[in-house]
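Subject: Structure handover

Hello,

Here is the structure we talked about handing over. My notes follow below it.

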Protein chains: 2
Amino acid sequence: MNLEWLEVFREVAVRGSLTAAAETLGYTQPTLSRQLTALEKEMGARLFDRLPRGVRLTDAGQSLLAHAEAVLDRVELARQSLDALRTLDAGRLRIGAFESADATLVPQALADFRTTHPQVELSLVEANTSALVDRLRAGEVDLAVLSAYPQQGLDTSRLELHYLMKDALLVALPDGHRLAHRRTLRLAELAEESWVEGFPDSAATLHETASRAGFRPRIDFAVREWTAKLGFVAAGLGIALVPRLAATATRPGITLVPLRATDTPVRTVYAATSRGVTDTPAVTAFRSCLDQVAKTLRP
Amino acid sequence: MNLEWLEVFREVAVRGSLTAAAETLGYTQPTLSRQLTALEKEMGARLFDRLPRGVRLTDAGQSLLAHAEAVLDRVELARQSLDALRTLDAGRLRIGAFESADATLVPQALADFRTTHPQVELSLVEANTSALVDRLRAGEVDLAVLSAYPQQGLDTSRLELHYLMKDALLVALPDGHRLAHRRTLRLAELAEESWVEGFPDSAATLHETASRAGFRPRIDFAVREWTAKLGFVAAGLGIALVPRLAATATRPGITLVPLRATDTPVRTVYAATSRGVTDTPAVTAFRSCLDQVAKTLRP
DNA sequence: CTCTGCCATACGGATTACGCATAGGAGCTC
DNA sequence: GAGCTCCTATGCGTAATCCGTATGGCAGAG
């Protein structure tokens, strides 16, 4: 059955005349006559009595009219729902991000997004890149902000990666440290330092980075949070590696010095979506917000 | 938009695959592909993500699914409603009838009808034939049981008349009346009698009938109800004309004698419907009940 | 009795919709 | 990694559908 038939049926019922309904609907009268006949055949009941001065609903037609209006109303509601999704007056946006991205990049982008589209339901999960990829594939998040090192074999087979920015590593030194005045540092110069490291995730980065420079870092303190990590550094208990992404708001007592570009594998930050999954309007808009914020965070 | 599209959409959403849905729906896969494309175009949103192993609802599709199921359910409900009307598991039957018909003919027919179709809502209005015709034309009753005399100019222009029976006039005499033993009577023999008459309607019948026989009836008593009328006759206060239709259950003390056929204009009882208005299944069934009962009431 | 208003139907042309065959893409297996 | 498999998209030819125009028929109104 065609919904047009129901619209025709409703209009004819209201107007009480095929000719009049044809006028307002932009069809010709014979067309409406045929469509009504088709509807009556489909429903197996005569819906109108044809009177010499127009038509009048039969009992069956009266019964159908209520249903037809309910159906047409619901279809209209469906259209409005989809329009709302399209115009971001409704919908949801499920974001995944790695830890450092949640320092400034993601919250700033989310804030911008919510300002423009307050009706979209937002959610965020923090996880490492590998877990984020799994969640993307499982369809549990719509977009993930993740990072990857150039040579790292990130499985992009079912991902769509959109470049956001580079995220260089900085060395966090206590103010007054012997190297705090330097504009850049080489890793080798830090071989004898005591390190403060986060765990469980970021320890791997330090070890890999250090082994590349030919030394094993001496780790005296391992803490869970960035705040604590930098607190230890500020207290002069050691130094630490800090990604630029997480270093936008450092505490007093800390000096940040970039590593030489050749010394450190600079990781790249991407906005990733699941390949083959069409971006929702929310995802598209949020990627734009991310781009905007990332631009301001680039060195 | 075609409702078939929504059915296809729902089935594909449930099965997660066009190929599988095509199997169960009896279409080929390319057909479903095109129908979905058409639906997506109509709704202005992509409804499924095409994955290598089938399809998965997008947010828009998820939103539409709820609406689509509501729409399809309501359409199914509409079909069931119409089926119920057709099978007389629902609906209404509005009957109009003249007074005498309500003595036995109509109530018996209604009782038979209700036994077979207890779900149909019944209603009845009593009125004279002229008012019944008006109500039929106005669509206020579905069927009217009315009576007409042969030469009476009943306006049948917008009516459909179905013959039910003849309704001869009887003379009600008190038991022991000088004429009570007769098999038939001539009107002229009753010229000197005292008459008990009903009002307002049936008085006309008496006067017309009597004038045809050349006398003016002497009316001493006029009462409103049949019961009272026959009560006066039984008490020997007069005689009365009683249509056979109303005489099926007379009281003790009364003798009924038919008038000679040539003496009295025998009126005809019809089941009338409005011409051009298709009979509801209830009307058709009730007419059958009326025919049945009328057959038992014929002399 | 003609005239008018309204619905139903026949007909031709154009659009649509189906099935068949096939291309194309991605995962899985050996 | 080559081939296999499973899925969806698309080109093509045919068949059915649908629309508008023209016309017929019925019933009421003047």
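In chain B, α2(B) and α3(B) pack at an angle of about 110 degrees with their axes 8 Å apart (axes are lines fitted to C-alpha atoms, for helices over the stretch in contact, and angles run from 0 to 180 degrees between N-to-C directions). That angle makes α2(B) roughly perpendicular to α3(B) (65 to 115 degrees; under 35 counts as roughly parallel, over 145 as roughly antiparallel and the rest as oblique). Helices (H or I, at least four residues) and strands (E, at least two) are DSSP runs, numbered from the N terminus. On the α2(B) side, B:Leu18, B:Thr19, B:Ala21 and B:Ala22 meet B:Gln29, B:Thr31, B:Leu32 and B:Ser33 of α3(B) (contact: C-beta atoms, placed from the backbone, within 7 Å). This contact has four nonpolar, four polar and no charged residues (Ala, Val, Leu, Ile, Met, Phe, Trp, Tyr, Cys and Pro count as nonpolar, Asp, Glu, Lys and Arg as charged, and the others, Gly among them, as polar).

The model is predicted: local features need pLDDT of at least 70 and side-chain atom pairs count only at pLDDT 80 or more, while totals for chains, interfaces and linings use all residues. Residues are numbered from 1 along each chain as its sequence is written, and chains are lettered from A and ligands numbered from 1 in the order in which they are written.

Between the chains, helix α4 (residues 59-86) of chain A packs with helix α4 (residues 59-86) of chain B at an angle of about 180 degrees, their axes 9 Å apart. The two are therefore roughly antiparallel. Their contact divides into 18 nonpolar, six polar and four charged residues.

Now the DNA. α3(A) gives the most, with five residues.

Around DNA strand D there are 20 residues, of which A:Thr31, B:Leu18, B:Thr19, B:Pro30 and B:Ser33 come nearest. Here α3 (29-43) of chain A and α2 (18-25), α3 (29-43) and β2 (54-57) of chain B each supply at least two residues.

Regards

Note on methods:
A residue is near a molecule or strand if its C-beta atom, placed from the backbone, lies within 6 Å of it. Two residues are in contact if their C-beta atoms, placed from the backbone, lie within 7 Å.
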